[in-house]
Amino acid sequence: MLLDHVRTATFMIGDEKGISPSNTDQGYILRRIIRRAVRYGRKIELPEGALYKIAETYVEKYKAVYPELEANKARIAEELNTEEAKFSKTLQQGLKEFEKCVNGIERKNAFMSAKDPAYVPETVIGGKQAFHLYDTYGFPVEITAEMAKERGLTVDVAAYEAAFKEHQEKSKAGSEGKFACGLADHKVETTRLHTATHLLHAALKKVLGEDVNQKGSNITEERLRFDFNFPRAMTEEEIKATEDLVNEKIRENIPVVMKEISLAEAKEEGFTGLFESKYGEVVKTYSIGDFSREICGGPHAESTGELGKFKIVKEQSSGAGIRRIKAVLVHE
């Protein structure tokens with residue numbers, strides 16, 4: 001089971017699309033697989049970092065048929081090691097919490113059975129308890145259900161899903177009032193920084209490779225924060241090259257052109273799009289010459305010359321396989 005999980009994770013990460021662990025879609029499946037592997041590894045006392053050692057054998061075995069595994073070896077190492085380290089931090093605490101939950105059920109069953117011979121023992125871990133294990137300790141509900149089964153118990157999955165939905169609704173309510181595209185407001189400087197994120201996105205693709213894609217953004221009138229997929233920290237040379245390329249496009253004072261077209265046309269014309277499930281049939285597209293072409297809800301500066309000087313102030317990790325850049329615009 002452990003070996004199967006590591007092999008699957010190796011191929012998912014090593015694929016040309018480069019899936020990263022996350023809490024949604026394929027990323028969630030990958031995270032669940034890795035975390036199950038971590039739990040199995042700890043049960044047989046494998047040391048931390050063992051998953052990648054196993055993955056290396058699969059890279060070596062299959063690289064002749066799947067050369068992308070060898071090409072993406074560094075990414076496989078970082079994703080596995082990061083996710084393993086992240087889950088290891090809370091695994092023992094989560095296991096203790098799970099034991100407290102199970103022991104509580106067992107004590108209740110023992111007490112009630114002694115009191116009433118007709119008592120039917122409780123065998124279900126509550127949905128809120130399962131959600132607490134997920135939200136606090138990073139245990140996917142499938143892992144909790146698996147551990148429960150080993151102890152002759154089940155999990156109230158319907159109640160877990162209800163607790164999860166309630167949490168999502170509270171989070172959504174807390175974020176109401178925010179503008180589209182990660183903007184905190186539509187002030188002039190916020191709008192300029194939004195346009196700068198488009199230049200930054202395009203520059204990162206030029207410097208780091210076309211596989212780099214936006215994973216999130218948050219923009220205020222003071223700074224922009226831009227998340228993107230990349231398996232390692234950027235070098236000082238890469239940061240400077242990115243910064244210089246953005247400033248080059250600012251100095252060129254390129255007009256920012258908005259055009260409303262169908263989503264199909266936008267794809268055909270090569271516009272970059274994110275979060276396609278949110279798009280309607282007609283979309284707004286923004287072009288900055290031939291350098292940047294994105295589907296976006298706006299707003300934007302009229303031309304890049306309005307932006308001032310672009311300065312990256314920080315580049316850091318924002319999760320497994322995700323990097324974060326914080327940048328500002330300086331008006332001289």
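This is a predicted model: local features need pLDDT of at least 70, side-chain atom pairs count only at pLDDT 80 or more; totals for chains, interfaces and linings use all residues.
Two packed helices are described by the angle between their axes and the distance between the axes. In this structure, helix H5, which covers residues 73-115, packs against helix H7, which covers residues 141-150, at an angle of about 45°, and the two axes lie 12 Å apart. H5 and H7 are therefore oblique to each other, and their crossing is right-handed. On the side of H5, the residues that take part in the contact are Phe87, Leu95 and Phe98, and these meet Ile143, Thr144, Met147 and Ala148 in H7. When the residues of this contact between H5 and H7 are divided by type, 6 are nonpolar and 1 is polar, while no charged residue is found there.

The strands E5, E6 and E7 form an open sheet of 3 strands, arranged in the order E5-E6-E7, with antiparallel pairing. E5 and E7 stand at the edges, where each has a single partner strand, so one side of each is left without a neighbour in the sheet. From one strand to the next, the twist averages 20°. In a regular strand the side chains alternate between the two faces of the sheet.

Strand E6, made up of residues 282-288, is mostly covered, since 5 of its 7 residues are buried. Strand E5, made up of residues 256-262, runs antiparallel to E6 and is joined to it by 7 bridges. Among the residue pairs that link these two strands, Ile261 has Val283 in E6 as its bridge partner, and Met258 is likewise partnered by Tyr286 in E6. On the other pairing of E6, 4 bridges join this strand to E7, which consists of residues 292-295, and here too the two strands run antiparallel. One of the partners in this second pairing is Arg293 in E7, which is bridged to Ser287. E6 and E7 form a hairpin with 3 residues between the two strands, and Gly289, which lies in the turn, has a positive phi of about 60°.

A positive phi is also found at two residues that are not glycines, namely Glu45, where the value is about 65°, and Asn253, where the value is about 50°. Glu45 is placed in the loop between helix H2, residues 25-43, and helix H3, residues 50-62. Because its relative accessibility is 71%, Glu45 counts as exposed. Asn253, by contrast, is placed in the loop that lies between helix H10, residues 236-251, and strand E5, and with a relative accessible area of 43% Asn253 is partly exposed.

A further backbone feature concerns the peptide bond from Gly298 to Pro299, which is cis, with omega near 0°. Pro299 is placed in the loop between E7 and strand E8, the latter covering residues 309-317.

Key: Residues are numbered from 1 along each chain as its sequence is written. Side-chain values use heavy atoms; hydrogens and water are left out. Axes are lines fitted to C-alpha atoms, for helices over the stretch in contact, and angles run from 0 to 180 degrees between N-to-C directions. Angles under 35 degrees count as roughly parallel, over 145 as roughly antiparallel, 65 to 115 as roughly perpendicular and the rest as oblique. A crossing is left-handed if the near helix is turned anticlockwise from the far one by less than a right angle, and right-handed if clockwise. Contact means heavy atoms within 4.5 Å. Ala, Val, Leu, Ile, Met, Phe, Trp, Tyr, Cys and Pro count as nonpolar, Asp, Glu, Lys and Arg as charged, and the others, Gly among them, as polar. Buried means under 20% relative accessible area, exposed over 50%, partly exposed in between (1.4 Å probe, protein chains only). Two strands pair if DSSP finds at least two bridges between them.
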